[in-house]
Amino acid sequence: MYPSRFAYEAPKTLNEAIAILQANGGEAKILAGGQSLIPMVKLRFASPEVLVDINNIPGLDYMRIDEQGNLRIGALVRHEDLEHSTTLAATHPTLAAAASLVADPIVRTRGTFVGSLCHADPQGDWSATMVALGGHIVAQGPNGRRQIDIREFVLGPFTNALAYNEIAVEAVIPPAKGRPAGSYLKLERRVGDFATASVAVALDMNGATVGRAGCALAGVGGKTIDANDAISVLVGKTLNAESIEAAADAVAEAADPRTDHRGSADYKRHIVKTFVTRILNNIANSEQKAA
Amino acid sequence: MSSLYEVIPPAAGADVPVRRITIEVNGESRTLDVEPRLLLVHLLRQGLNLTGTHSGCDTTSCGACTVLFDGRPLKSCTMFAVMADGHKVETVEGMGSASELHPVQEGFKQEHGLQCGFCTPGMMLAAKALLERNPDPTEDEVRWALSGNLCRCTGYQNIVKSVLWAAEKMRNDQPQEA
Amino acid sequence: MALDEIKIGGMGASRRRVEDNRFIRGKGKYIDDVVLPGMLHMEILRSTVAHANIKSIDTSAAWEVPGVRLVLTGEMMAARNLAWMPTLSYDTQAVLATDKVRFQGQEIAAVIADDPYIAKDACSKIVVEYEQLPAITNPFMAQDPAMPLIRDDKENQPTNKIFDWEIGDKERTDQAFAEADVISTIDLHYPRSHPSPMENCGSIADYDRATGKLTVYMTSQAPHIVRAAVAMVAEIPEQQIRIISPDLGGGFGNKVPIYPGYVISILASILTERPVKWIEDKTGNLISTGFGRDVYLQGQLALRKDGKILGMRMHTISDHGAFYADAQPTKFKIGLMHSTFACYDVPAAHLTSEGFYTNKAPGGVAYRCSFRVTEAMFFQERMIHAAANDLGMDQAEFRRVNLVKDDMFPYRTAFGFLTDSGQYDKCMQVGMEAIGYANFKAEQEEARKRGKLLGIGISTMTEPLGAGNSREYDIIGIKMFDSAELRVHMTGKAILRTGAKTQGQGHETTWAQIVAHELGIPAEDILVEEGDTDTAPFGMGTYASRSTPVAGAAVAMVARKIRAKARKIAAHLLEVSEEDIEWELGRFYVRGNQERGVTIQDCALAAYSNVPDGLEPGLENNAYYDPPNLTWPFAAYFCKVEVDAETGVWDVLKFVAVDDCGVRINPMIVEGQVMGGLTEAYAMANMQYITFDEEGNCIGANYMDYLLPTAWETPGFELHEVVTPCPHHPIGAKGIGECATVGGPAAFVNAVMNAIEHTGVRNVDMPLMPNRVYEALQTGQDVSGMPPVKVG
């Protein structure tokens, strides 16, 4: 409940923040929402020497679609900004479905989308949705900006690909090639629980045919499970009982769950399969209704 | 110095870096010197003697420490006081006035929305924030909005009734449109 | 004219609560809100391992941290004879570990410093060298001769077994089983659960060397018991000890035991000559303080083929952790487990019980359990459920055939309890109607055709509340009466103090209602205080739902004593003899001339200014109530669920509660207690438990692992009432605080069992998490909740 001592900086610009990271050779950590970092610091699971508070840097709280159709989410966009968006359900249904399932409503006023991706929790909801949607993180360091593909961003549990002197300034999700469809299902025993298993599915539909398919899993492996290859069996197909079962089986195979007090590995794998099936069935049914 | 004396601590404590911050708490500007690691909840409770905000758990789970930060609910155990520099914080002591209770406070009393009272300040502030955005919530919307605040005593049913009571009172008290 | 009882806040009024006035303003005074000048802060270092010899404890670096005043270890406590303390079950418990650590989270050392951040800094610099031993996490491992002896500190403790106990008539029960047409069996684990009030435990000890007085603010549901215990352990004379229990943020039995932190803070205050505050964190609370349950319950019913129960056998195997520290009437090793089946007519019964030490936190009796009645009634209703199915009888019908009938009271149970009143069948009827029981079978079949699994579960309970009369009940020899002291002032206002200690039950509101009922003084004119042993009359505290039955009775009795004296004063004022005085709410009047009377307030003034010769002035008195018997509320709970066969997730569609707690002092508060209790029942049935992994690590020592339901998961409850007054209680009340926690869990579990009945599964242990329900559906096998054990 009582953190150990640390030094605190509250820079007003990105360059200032990067300079502090540079000067501290890996002993400094970025503090945005703090809803994952501060609990760890309080329990002394993490004891950074310097915390760099970026909440005072203007111009990082945007969420917009650019001229190319990319969704750009700035570093200070809070979870509840996604939850309360009136447009996200239509443009990015996978994100919209996950938004209200992240932590609890109070944590969502503070925690950030980009911060959550950087935290790289194997049970992180946003990591799973982002890997299913594809896209990249824009990192800024002393030498300028670079893009890190989201599939290369998480290296392991709580480990991301940023250099010690880089800040993730935005997440970018490319435009859908067709009608965006998808959802996020999470088995949690109560609001705020770790996921027993969760599934993000993002499809781009061309009429009744799947143009692009993305899928990722949380809670069923040492890090976010990239199931994009597994679900690619749907590409070029329509959604019917057969194709859905094949996809669900493939995705369940990609999971790497462990047996623990939340359930056996078999059970978690089964939940993955069930959730993929449900999401795809829902998409198929709404396709039928639209037709 | 704001009083007749200031106690100077022994030299051993002198090299701890502190930061001067100014926070508007319940409408009043407060300036303090704090260590960066001081949690906002402890600043409120020990630094400012506002003990209505409570500390319950170690994992940002229970919400007993909920305050309003720039109008939005925040678990004050999961923010360092230094981060609140330049911001507005409202605690339970800022709800209502000396002469009049806030409708949410009244609702909790009328509908038996509390028993031991420990979760109550946080619960009421989360409810207040909800009603400011959604003046006519359904029961489900109330339960959803309060799902970050744990209560052990009431079973939540009367808390929901309290919030709906307050919502109705606030709608009825609105001045008529011209 | 007589006053309107509801208007003056008497009995039956849903009077809004007095306590709320400060709580809704954030002006409660909980222990962490108390600040004493010069106060220091204490933090406890807890063990990271479950079972180990302590090779060394090095505190030298901790002493070096600026702002640290004192670092205490077991060795330093031992030098003052304080390393061990007695428990309420005649065992001993370590205050700070000396030779060995016996559970994960056990107290190892304490740092006292200028503020809690510094104390925590210093704690993290203490270096402990452990030599790990195998950890025992269930009572079966405890019996394995290959496993180590946990209590090697005790003489005459050759094994990890604490006790054998039995009650009932074995011969008669064996006979009943020999005659049975059908024998039904059940085998359950009621998992370890924790009361987890929102507020953690703590103390502020303040020893004044000049006066020799020790004042301790403490989160205690029973401050007078603490005063006596501290007098014995710390060897400070009892009149020099003052325990103040301030506003409590929930108790549920967690704040009954005396924890090492309290004792250490007292010694620290004596040594530093400063007040010392110790507030534990949530992890400390969950990992080390008084838990509830953790019992294996095995039973059988002997049945006649027409559905009549002939006999009952029960065997319990309980897990008490590293020290036997149960807080219960001391004669009963497994609490009031033998209250099981008290609401059913069972002619013969036999209960055997074994208790064991394990490497887990000490306790077992806590968590709104009424001294293990939670286990007794859970077993009862799970046994009943299995038996009804074994007989092929309808669940409600089987219960109604065997429940005690109205004309059988007073009824002597096979274990010797005397239940005195109830309308059990009426409660069943009300509940069945409300849940839509008559149509359910058809609804269930139809739904199953569509792939939906619906279920209804029933649970009934009665509880032995108000422990208890002095013939049979005591805690370490102290009898379990309770008290009330009422002082009526000259302006007709009053102050009432009792030996109880509210933790959210609303005593400040409800006790005044009893006085209003007896004396006609408006409830708002009566100030109620509890918790300060210097001012409150001696009582045994509030737990096991005993306060309305015992302290509440004392309140009624003292108010009657006051009224009896006021009557004499009234006669004097009205210049008639006492026989000619009549009473109506709030006033005495002359028989035959109702207009001629005096109010109770007139009598109060006269008590100080105009008493008759021979009568002592003043209008103050006290009462100590030794209850003649326990009270026996009854409840019938009906739960309807839908189970998702693909995931094992289940949702509550409807929950009906029918409670008969006798006369209700404040209906609003009674309903609040029921809803709170049902939520805890739901929690235990669905998600909430403490378990252990193969290494002996505690899983459930923080709110990410120990799951309390939020407003989102918690179902709504439909409440009904039946009122059968208690024949021996002065105001006919029975107590309600724990009924729903006692009877609730089985309703949820039976509902899920009913929904998945077609698989043949007899039992899934709580909590019925989705993976367990799914496993049952897939395998058709029972699912046990015993913590996993390393193989090999």
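Predicted model: local features only at pLDDT ≥ 70, side-chain atom pairs only at ≥ 80, totals over all residues.
Visitor: How much area do chain B and chain C bury between them?
Guide: Start with the contacts: 42 residues of chain B touch 55 residues of chain C. Carbon and sulfur atoms hold 56% of the buried area. The total comes to about 4,300 Å².

Visitor: Which residues in chain B lose the most area to chain C?
Guide: Three residues lead on that side, and together they make up 19% of what it buries. They are B:Lys109, B:His112 and B:Arg152.

Visitor: What is the distance between the closest N and O atoms in the salt bridge of C:Asp121 with B:Arg37?
Guide: The rule finds 3 salt bridges across this interface. A pair counts when a side-chain nitrogen of Lys or Arg lies within 4 Å of a carboxyl oxygen of Asp or Glu. C:Asp121 and B:Arg37 qualify, with their closest N and O atoms at 2.8 Å.

Visitor: Which helix of chain B gives the most residues to the side that touches chain C?
Guide: Across the interface there are 26 residue pairs in polar contact. Helices that give two or more residues on the chain B side include helix 1 (40-47) and helix 5 (157-173). The top contributor, with 4 residues, is helix 2 of chain B.

Terms used. Residues numbered from 1 in each chain as written. Chains lettered and ligands numbered in written order. Heavy atoms only, no water. Contact = heavy atoms within 4.5 Å. Buried area = accessible area lost by both parts, 1.4 Å probe. Polar contact = N/O pair within 3.5 Å; in protein donor to acceptor, adjacent residues only side chain to side chain.
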